[in-house]
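Hi there,

Here is the structure I promised to pass on.

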Amino acid sequence: MPATLGVDDLAALARGFSLLGSGGGGRTAILESVVRRTVSWPVALHESEGLDPSTPCVAVGIAGSTYLLAERLPRVEAFERLLAAAHRWTGTAPGAVCAIEGAGLNGLTPLLLTGGLRFVDADFMGRALPGLDQMSLIVDAVPGVVCAASTGDQGITLVESPVRGDVEQIVRSALVQAGGANEVLVAGFTVGDLREHAIGGTVSRALSLGRAFEATGPGAASRLAHDLGVSLLGVGRVVDVAERSATSASSIEVAGDDGAILRLVAGSEFVMLLRDGAVIAEVPDIIVAVDSISRDILEVDALTPPRHVTLLGIPAPAWWRAREARLRAVDTRAFGLTEPRRA
Amino acid sequence: MNLLTLAGLLALPDNGGLAVVRPREAEPDQLPSVWDGIVWSLDARDLTAVPGGLAILGVEPPSEPWQQDALIRRVHDLGFTGLALPRGHRLGEGTRRLGQRLGLQLMAVEDSLTLARACWHLSEGKDALTLDYVRKVARSIAYPADNLADLLRHLSSGLGHGVALVDAEGVLASAGGYVAPELLRAMDFAPWLDFVTDPPFTAASVRVDSASRTGLRFVIFGQGMERAHLAALGVAAEVAMPAVAARLLIDEVADVNDVAVASGLLREFLESPGRIEDDLSRRMIERGWRTGGVHLGFRIIGRGRIDALALLRVVKAELSGLAIDSHATTSGGGVSGWLTFGAEPPPPELERWVAALRGLHAILQCRFNIATGVGTLESGGVGLAATIDEAGDAARIAVNRSATGHFVRVDTLGLEQLLLAWSEADTFIPAARALLAPLLEPGSELLATVSAYLNHESAVAPTAHALGLHRNTVAQRIARAQELLGLDLANPETRLAVQLACRALSTRAEGKE
């Protein structure tokens with residue numbers, strides 16, 4: 001029995017995806033308003049177990065600069081062109097759609113296609129991650145998977161390659177060609193593949209997190225963490241930001257209210273949190289920064305002095321830790337950080 | 001093994017360029033600064049745990065702030081309370097604060113191996129440290145030194161510490177640092193070796209056995225040095241002392257010699273009035289004595305026995321502090337000197353220089369029983385001789401002038417007083433007595449009459465009026481006096497001699513009454 005998403009759930013859903021964004025994933029506001037108007041509500045949300053496993057499926061998302069995504073309207077017709085291309089390539093018409101990234105604005109992207117496809121509660125990341133190679137289907141090297149991406153205006157590129165790194169490299173060049181952000185569609189898999197090779201239940205997780213977040217009143221940071229059912233990592237004021245460079249991640253120093261020195265290491269998402277030099281949270285676990293006063297969920301670039309922030313920790317989807325090869329794709333080593341492991 | 005202290009390491013010259021790294025708003029001295037053991041490692045991952053120890057790394061800190069944090073944390077978790085590493089100044093502000101928070105003293109070091117060696121010296125290798133210093137002393141005294149100051153400079157730069165030659169009164173010479181009065185007070189001048197450990201002042205000193213001076217000590221000083229360090233420096237001081245004492249003696253001999261030459265030159269100059277021979281002029285120029293310009297002479301003489309050489313040494317030291325061309329040398333049991341101006345100074349400026357000489361006089365009086373005379377401003381070679389001469393006269397007057405603090409300046413004297421001073425000289429009195437002997441019969445009024453007569457331009461009437469006598473009485477007494485003396489008072493030179501003799505004897509008589 002599929003769950004039902006009403007238009008009233010949209011705001012909570014967006015908050016939840018923002019939380020799973022771990023400081024990245026793009027702002028949801030514009031897509032939220034587009035989806036609110038264009039989708040025919042309510043929308044049925046299917047578990048992958050609840051559908052015929054042979055149902056062909058596609059996953060959609062927008063890749064590229066989160067700055068650009070904040071002001072560029074998503075183009076439904078671009079996704080339709082990608083769908084047609086994938087159909088021509090695979091020879092099968094899809095029956096279901098899911099997100100490539102169950103976080104940030106991409107968590108909402110599949111809703112644009114729910115007019116003709118069934119919405120499956122699964123995605124390839126279960127949080128925000130920066131690389132297309134970090135999609136679970138690619139990590140597990142599922143055969144036959146194709147990735148189509150727009151190259152701007154009418155252009156399309158399609159990659160089918162068993163070579164590790166090809167998808168990332170080629171879609172990344174398409175993205176540059178498209179001017180910094182483009183639409184991406186993954187096809188060539190079935191709902192059955194999702195059960196094994198994708199993270200299930202992220203939409204439901206986002207919805208419950210979002211609802212709890214909306215419901216929580218003003219109060220202490222510990223209260224917020226408790227209400228969300230997540231761990232409190234630290235509370236303090238941003239005092240220094242060492243900007244990200246070509247060779248290094250950005251490093252955000254937060255002077256903890258309890259005197260501790262908190263150091264957030266971030267790429268386009270928060271990667272690691274050190275407290276007094278010791279790692280207390282790291283990828284793939286989700287680190288969330290919330291403005292202590294306004295309760296805004298903050299993206300990495302919003303952490304500037306002298307903002308007072310509450311840092312929360314949400315456990316990573318268990319899928320990532322089930323196998324060493326999966327963990328390798330998303331732990332600190334994948335982010336070029338080789339220094340200490342958690343004690 | 002001895003405990004290592006931060007102050008002790010900082011005080012050691014060969015500490016590899018150690019410097020403390022603190023956050024901007026740190027309160028100093030809150031962090032551990034005493035360590036029990038050290039570990040040197042090229043990589044933080046190879047460090048072994050040493051509780052309360054000092055970790056010295058051979059590699060720079062990582063560039064990323066979070067990596068720096070992690071490094072600090074790792075070192076702290078191994079029990080260390082101090083970390084020194086190359087380019088430690090690159091540790092970020094947040095990391096420095098973390099060091100404070102974790103109780104880990106952070107330090108930058110230029111050469112980590114040298115620091116490790118220094119730690120070993122202080123904790124276990126005392127003999128090696130001593131040997132190191134003795135070798136440095138040997139190297140320092142191998143360089144030819146021009147004088148004592150030069151030798152002290154060599155020793156100071158060789159040892160890497162301040163050195164000084166001191167006595168209980170103060171510092172005679174020093175190099176490489178400032179001897180704090182507190183340090184001097186804390187020193188014991190009696191024993192052969194003495195150590196001062198009166199934080200932050202620390203020093204090792206040794207008695208200097210000098211034939212010419214007593215109570216001297218050669219001291220090597222610095223701040224916050226540890227006992228092991230001071231003990232090594234004590235040996236270094238013992239080794240260096242004979243060289244210092246010998247240098248002191250050589251300098252003194254050279255000084256005496258130089259002063260004798262200068263003194264002879266001045267005498268020669270003063271005795272060749274009006275005309276300076278080429279050879280003399282050349283030798284004066286060689287000494288830097290210019291006859292051109294305007295001069296202000298001064299003379300300092302003893303009111304008892306004094307050591308003119310010792311006096312000159314102090315005078316020269318004090319004069320060197322005045323921003324003017326000045327010269328001084330011993331002459332006839334005192335010191336003569338002069339200031340030379342390019343052009344005649346305006347009166348206020350002249351007064352300032354006279355005040356400076358008065359200041360010099362005051363300083364000298366603390367150590368010597370002296371009187372000082374200052375001449376008038378005179379120009380040229382003849383003027384130079386004249387002003388030194390005047391200063392000599394003024395000094396002689398100053399001997400008895402306790403009212404002016406034994407400081408007399410010719411400009412403030414009446415000509416009469418000058419004359420008097422001259423005529424009161426000990427050689428003149430007996431001569432005057434011999435000259436006027438016939439007039440010195442007890443009860444005779446002839447001396448008074450002759451004095452009054454000469455004082456009144458050899459005129460009988462005013463003399464009679466002054467003495468309340470009849471003119472004939474006066475004329476009669478003068479005639480009788482001439483007869484007794486066998487002198488002709490019409491002769492101007494005779495008249496002057498007699499008048500001076502009268503004046504000398506009558507003032508002496510008054511003085512006795």
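Two residues are in contact here if their C-beta atoms, placed from the backbone, lie within 7 Å. Counted like that, the contact takes 15 residues from chain A and 15 residues from chain B. On the side of chain A that touches chain B, the elements giving two or more residues are strand 10, strand 11 (250-256) and strand 12 (261-266) of chain A. Strand 12 of chain A supplies the largest share of that side, 3 residues.

A word on the ground rules: this is a predicted model, where local features need pLDDT of at least 70, side-chain atom pairs count only at pLDDT 80 or more, and totals for chains, interfaces and linings use all residues. Residues are numbered from 1 along each chain as its sequence is written, while chains are lettered from A and ligands numbered from 1 in the order in which they are written. Helices (H or I, at least four residues) and strands (E, at least two) are DSSP runs, numbered from the N terminus.

Now to helix 9 (residues 221-228) of chain A, whose buried residues (20 or more other C-beta atoms within 10 Å of their own, all placed from the backbone) are A:A221, A:L224, A:A225 and A:L228. Seen down the axis of helix 9 of chain A, these fall within an arc of 95° (taken from the directions from the helix axis to the C-beta atoms), so they line one face of the helix. Their cover includes helix 8 (202-215), strand 10 (231-242), strand 15 (286-291) and strand 17 (308-314) of chain A. Just after helix 9 of chain A, A:G229 has a positive phi of about 70°.

Best wishes

Note on methods
Buried ≥ 20, exposed ≤ 12 C-beta atoms within 10 Å, placed from the backbone.
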